[in-house]
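Work through the exercises below with the sequence and the coordinates open. Each task is followed by a stepwise solution.

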Amino acid sequence: MDNFTFYSPTYFAFGKGTENEAGHYVKRFGGHKVLIHYGGGSAVRSGLIDRVKASLEKEGLSYVVLGGVKPNPRSGLVYEGIELCRKEGVDFILAVGGGSTIDSSKAIAVGTVYDGDFWDFYSGKAQAEKSLPVGSVLTIAAAGSEASGGSVITNENGMYKRAYGCELMLPVFAIMNPELTMSLPPYQTASGCTDIMAHVFERYFTNTKEVEITDRLCEGVLKTIIKELPKVLENPNDYEARANIMWAGTMAHNDICGAGREQDWASHNLEHELSALYDCAHGAGLAVMFPAWMTYVMHHDVNRFAQFAVRVWGCEMNYQNPEETAKEGIARTKAFFHSVGMPTSFEELGAKEEDIPKLLETLQIDGRTEGFFVKLGRKECEAVYRLACR
Ligand code: NZQ
Ligand code: ZN
């Protein structure tokens, strides 16, 4: 196991009715004037925004609202949010929604208290030194942004996605009521669960040896999704299954599964170019990229892939030919994504093979590599994209 630091300061309030305590938590974490930030309207239609407002009012807190965050959140709304927060003297950002809304909130939080352009952080030009606190009321189990220090924003000037992460952006609290996720359409539910699995894959396929504890945690999260996702697709109001999925989403990405091991992240970065260019759901893009990446890198450590097949999918170990077992695990992964309605090829996603040079260009891969399990240069990234076409 590698040396590591693990810092996860987020306070969790999990369960039915917890959104009605939003005001209490904002106050507890020092907020006076709040920006309520939300997405395209699902939280308004469900009455959630009204409940959150009532909860803030009960605590005597004032607020302004800014909706309109799109999936794959855009830089334009971040600038708008920053301006609003400065004008109104906002000192706390409350994200009500999914990963896109939380990520947009984090960008506003660091941008409001920075003299320059917030994009400096996402382009690698500067490091954030302070931030407004961010809290969230989560409405979809997926990105894990409720307990991660990361944020992913699409720059509208060129339509490319960039991630930025720092401890300052770790949310101070996450309110997680599984009931709020019951209104998710099946495609969004499956796409969120694919993202959860992908966050585990990025950590599971590692070169670090002797990481039994995190291997087992990873396998547990994966097996949970494999068991619970079909249940909620069958019955969207299955509270227990929704609850297990929601906590799995946090466990998959607050880094409890990644402590002490090298992580990969090539598939995520290759996917980000897909969701930036085609505006597809991030999870759907991952369902396309991961089986291709697995196929491409499998020979680097056949035994790890065989272990994955046996422990996660229940495949039988072929001791004479572990490669067969490894391949079976990848095939089972792809078949599972298909069975829950996810695309598993460029064609099914609506992506085009002839756009690969464009994807490589926005990835800015020249002169550097992606990933750590296997380091992929331009040629290798292109090969993975090509494998994903079919
Ligand atoms: O905008 P509304 O109307 O709310 O609709 C959303 C949106 O269309 C809908 N939705 C959310 N909760 C709902 C609901 N519809 C009905 N009922 C509900 N309860 O679902 C759609 C997707 O929402 P979004 O926030 O985009 O989903 P997700 O949580 O999957 O976030 C995806 C974004 O997170 C980034 C991705 O790149 C992508 O931009 N990521 C962020 C990470 C992080 N910060 O740590 C890590 C991830 O790997 C990921 O890259
Ligand atoms: Zn992800």
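Domain bounds here come from an automatic or database domain assignment. This is a predicted model: local features need pLDDT of at least 70, side-chain atom pairs count only at pLDDT 80 or more, and totals for chains, interfaces and linings use all residues. Residues are numbered from 1 along each chain as its sequence is written, while chains are lettered from A and ligands numbered from 1 in the order in which they are written.

**Exercise 1. Find where ligand 1 lies relative to the domains, and why.**

Step 1. Take the domain assignment: domain 1 is 11–180 and domain 2 is 186–387.
Step 2. Check the shell. Both domains give residues to the shell around ligand 1, so the ligand lies between them.

**Exercise 2. Describe the shell around ligand 1.**

Step 1. Collect the residues near the ligand (C-beta atom, placed from the backbone, within 6 Å of it). There are 35, and Gly39, Gly40, Pro71, Gly98 and Gly99 come nearest.
Step 2. Helices (H or I, at least four residues) and strands (E, at least two) are DSSP runs, numbered from the N terminus. Two or more residues come from each of H2 (42–45), H5 (99–112), E6 (150–155), H7 (186–204) and H11 (282–297). H5 gives the most, with 4 residues.
Step 3. Sort by class. Ala, Val, Leu, Ile, Met, Phe, Trp, Tyr, Cys and Pro count as nonpolar, Asp, Glu, Lys and Arg as charged, and the others, Gly among them, as polar. The shell has 24 polar, 9 nonpolar and 2 charged residues.

**Exercise 3. Which residues touch the most other members of the largest nonpolar core?**

Step 1. Buried means 20 or more other C-beta atoms within 10 Å of the residue's own, all placed from the backbone.
Step 2. Val34, Leu94, Val96 and Val221 come out on top.
Step 3. Assign the core. H11 gives the largest share, 11 residues.
Step 4. Inspect Val34. Its contacts include Val26, Leu56, Tyr63 and Phe92, leaving out residues up to four places away in sequence.

Methods. Core = buried A, V, L, I, M, F, W, Y, C linked by C-beta atoms within 7 Å. Buried ≥ 20, exposed ≤ 12 C-beta atoms within 10 Å, placed from the backbone. Contact = placed C-beta atoms within 7 Å.
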